[in-house]
Amino acid sequence: MELRPWTVLLALSLLPTVSLAAGKCDRLVITGSPDAPPYLWRDPQDPTHLIGATADMLQQVAKDLGVKIDLLYGGKRSLALEEVRSGRMDILADAPLTLDALDSLDYIHPALVQTDYLVWTRKDSSLAYSQASDLQGHKGAVSERARLSRDFETLAAQQLTLQRLPSLTPAFQKLLLGEVDYVLAGRYSGMAMAQTLGMSNDLVAREIPIDQPGLYLAISHNSACNDPWLRGQLAKKMTELPASGLAETALQSNLERWKAQLQQPVGTPTK
């Protein structure tokens, strides 16, 4: 069974959350994917917490609303989702929109993040790409962790040859070795992984997105904080975010943060 190091912090947060269940909630426990840089990943200095661009955006939103948040590690993605479904945690920070989840989660619209999934190839590739149909007849790969839109998943199943791999690491390795012709990966997650693997000079992302799924804040039906005031205020903030420039600033700063973390020798504390 996976250890859940956030238990003590969560216990401390329950008292104010429960006491305000009938009115405005002033503390939220939020979780999300623990391995999705530059959006979210575990803080190497405090692995009970998540850091990243999503965390930074939510901290600013919470400050604007006068709400305190704990952005905690809830386990791998499937476990984090279950923590939110159960109400042990309040919000999933990066929920793809699925029909099944509507039975247990309230989605906040618009999406917190609109993810550009790009076609990555070797720099010397002759593959001509401008739309999905251009990939027919070519071998591709995608991480099983990719959260693509339902429409694109249907198209891919019907028209594309896509190998599903456990993560981006083997996908990019196969691409570099010429075992596949392209990889589908997020603009920023692909950039972070290419830097991680030292492949930035060998791979290129084609600029036209092949898919643009949204990742949403999703509040548990079982959360004591799930009330109309909070949902309305969060929806207002999600609407304001695109024009604020906060998302782009957070993404760029966390790409640099991730890159700096990768360059730290093992056992060296980050500042």
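Helices (H or I, at least four residues) and strands (E, at least two) are DSSP runs, numbered from the N terminus. This is a predicted model, in which local features need pLDDT of at least 70 and side-chain atom pairs count only at pLDDT 80 or more, while totals for chains, interfaces and linings use all residues. Residues are numbered from 1 along each chain as its sequence is written, and side-chain values use heavy atoms, with hydrogens and water left out.

**Largest pocket**
- The largest pocket holds about 840 Å³ of space (a pocket is an open set of points on a 1 Å grid over the protein atoms alone, where a 1.4 Å probe fits, with protein on both sides within 12 Å along at least five of seven lines; lining residues have an atom within 4 Å of a point).
- It is lined by 37 residues, of which Asp35, Ala36, Arg145, Ala146 and Arg147 are the closest to its centre.
- Elements supplying at least two lining residues each include strand E2 (35-36), helix H3 (77-86) and helix H5 (168-177).

**Second largest pocket**
- About 310 Å³ of space lies in the second largest pocket.
- Among its 17 lining residues, Leu112, Val113, Gln114, Ala247 and Leu251 are the closest to the centre.
- Two or more lining residues come from each of strand E8 (113-114), H6, helix H7 (228-244) and helix H8 (246-263).

**Exposed leucine**
- Leucine 99 is located in the loop between E6 and E7.
- With a relative accessible area of 55%, leucine 99 is exposed (over 50%, with a 1.4 Å probe and protein chains only).

Key. Points joined across faces, edges and corners; volume = space filled by probe spheres on them. Buried < 20%, exposed > 50% of the residue type's maximum accessible area, 1.4 Å probe, protein only.
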